[in-house]
Amino acid sequence: VVKDTYGINEYKILACENVVLGLRGDSTAVYDSQDAYIEVTVPIKNVNTGAVTGVMVAGIPTVDLEREFTVMRHKSQLLCVVFFSIILLGSAVLSYFLSKPVKRLGESFGKVSKGHIDTDIPIEGFTETREISKNYNNLLVQLRKNEESRQEFVSNASHELKTPLSS
């Protein structure tokens, strides 16, 4: 070992499988989950000849990385919960505003089914709701005309039945 960041292994011989593979020209990357470290070996080659003249070994403990991954995982889970809550709340608000004109239509249908055909419903809301409201109001106008015709017919028939036939 020529240079050790911490000065612990300088000028010592490090003989392990990855160093031997590096001397043969192979790069390695090992993650040891039991001892919690990552070790990478890369062969050092002579620029002119291409011959391997040494091996660079880099190792790092993963305890800090694992702690950071845990923190990041918790933060991402929290963000998911927050985004889901925002989406849920937005859906509820949107649902309320979308269903409001439909509820008004339903209430008006209920009034008509009880015989109250004298009030038009306001034409507002989204395009489809406005179209339904417009057609519904046209239906109410036709129902009113039919009701007036029926009442006129009943009135005329009643009058004709009350007056004697003169011819």
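Q: Why is Arg150 called partly exposed in this model?
A: The model is a predicted one. In it, Arg150 has a relative accessible area of 45%. Buried means under 20% and exposed means over 50%, with partly exposed in between. Because 45% falls between these two limits, Arg150 counts as partly exposed.

Q: What makes the meeting of Arg150 and Glu147 a salt bridge?
A: The side chains of Arg150 and Glu147 meet with 2.5 Å from N to O. A salt bridge requires a side-chain nitrogen of Lys or Arg within 4 Å of a carboxyl oxygen of Asp or Glu. Arg150 supplies the nitrogen and Glu147 the oxygen, and 2.5 Å is within that limit, so the pair qualifies. In general, side chains of opposite charge can pair when their charged atoms come close.

Q: How do you know that Arg150 and Glu147 are separated by about one helical turn?
A: Both residues belong to helix H3 and are 3 residues apart there, which means a separation of about one helical turn.

Q: Why does Glu147 count as partly exposed?
A: Its relative accessibility is 27%. This value lies between the limits of 20% and 50%, so Glu147 is neither buried nor exposed.

Q: How far apart are Glu147 and Ile117 in sequence and in space?
A: Glu147 and Ile117 are 30 residues apart in sequence, while their C-alpha atoms are 9.4 Å apart in space.

Q: How many salt bridges does the structure hold?
A: The structure holds 3 salt bridges. One of them joins Arg67 and Asp64, with 3.2 Å from N to O.

Q: Why are Arg67 and Asp64 described as about one helical turn apart?
A: They are 3 residues apart in helix H2, so about one helical turn separates them. Arg67 is partly exposed at 48% relative accessibility, and Asp64 is partly exposed with a relative accessible area of 48%.

Q: What makes Asp120 and Arg144 a salt bridge?
A: The closest N and O atoms of Asp120 and Arg144 are 2.6 Å apart, and the limit is 4 Å. This pair links distant parts of the chain, with Asp120 in the loop between H2 and helix H3 and Arg144 in helix H3, 24 residues apart. Asp120 is partly exposed at 40% relative accessibility, and Arg144 is partly exposed at 22%.

Q: What makes the pairing of Glu39 and Asn18 a polar contact?
A: The side chains of Glu39 and Asn18 are joined at 3.0 Å. The cut-off for N or O atoms is 3.5 Å, so a pair at 3.0 Å is within it. Beyond its neighbours within four places in sequence, Glu39 is also in contact with other residues, including Cys16, Thr28, Val30 and Val57.

Q: Why is Leu78 called exposed?
A: Leu78 has a relative accessible area of 55%, and exposed means over 50%. The conclusion is therefore that Leu78 is exposed. Leu78 is found in helix H2, and its C-alpha atom is separated by 30 Å from that of Asp32, 46 residues apart along the chain.

Q: Which residues make the nonpolar surface patch of about 600 Å²?
A: The patch is made by Leu78, Leu79, Val82, Phe83, Ile86 and Ile87. Ile87 is in helix H2, residues 63–113. At 54% relative accessibility, Ile87 passes the 50% limit and so counts as exposed.

Q: Is Ala36 buried or exposed, and how do you know?
A: Ala36 has 13% relative accessibility, and buried means under 20%. Ala36 therefore counts as buried. Ala36 lies in the loop between strand S1 (28–32) and S2, and has a positive phi of about 60 degrees although it is not a glycine.

Q: Why does Tyr11 count as exposed?
A: Its relative accessible area is 70%, which is over the limit of 50%, so Tyr11 is exposed. Tyr11 is in the segment before helix H1 (17–23). Tyr11 is not a glycine, yet has a positive phi of about 60 degrees.

Conventions:
Residues are numbered from 1 along each chain as its sequence is written. This is a predicted model: local features need pLDDT of at least 70, side-chain atom pairs count only at pLDDT 80 or more; totals for chains, interfaces and linings use all residues. Side-chain values use heavy atoms; hydrogens and water are left out. Patches are made of residues with over 30% relative accessible area and no salt bridge: like charges are joined within 9 Å, nonpolar side chains (Val, Leu, Ile, Met, Phe, Trp, Tyr) within 5 Å. Accessible areas come from the Shrake-Rupley method with a 1.4 Å probe; for residues, only the protein chains shown count as cover. Helices (H or I, at least four residues) and strands (E, at least two) are DSSP runs, numbered from the N terminus. Buried means under 20% relative accessible area, exposed over 50%, partly exposed in between (1.4 Å probe, protein chains only). A polar contact is a pair of N or O atoms within 3.5 Å; within protein, one must be able to donate a hydrogen and the other to accept it, and residues adjacent in sequence count only if both atoms are side-chain atoms. Contact means heavy atoms within 4.5 Å.
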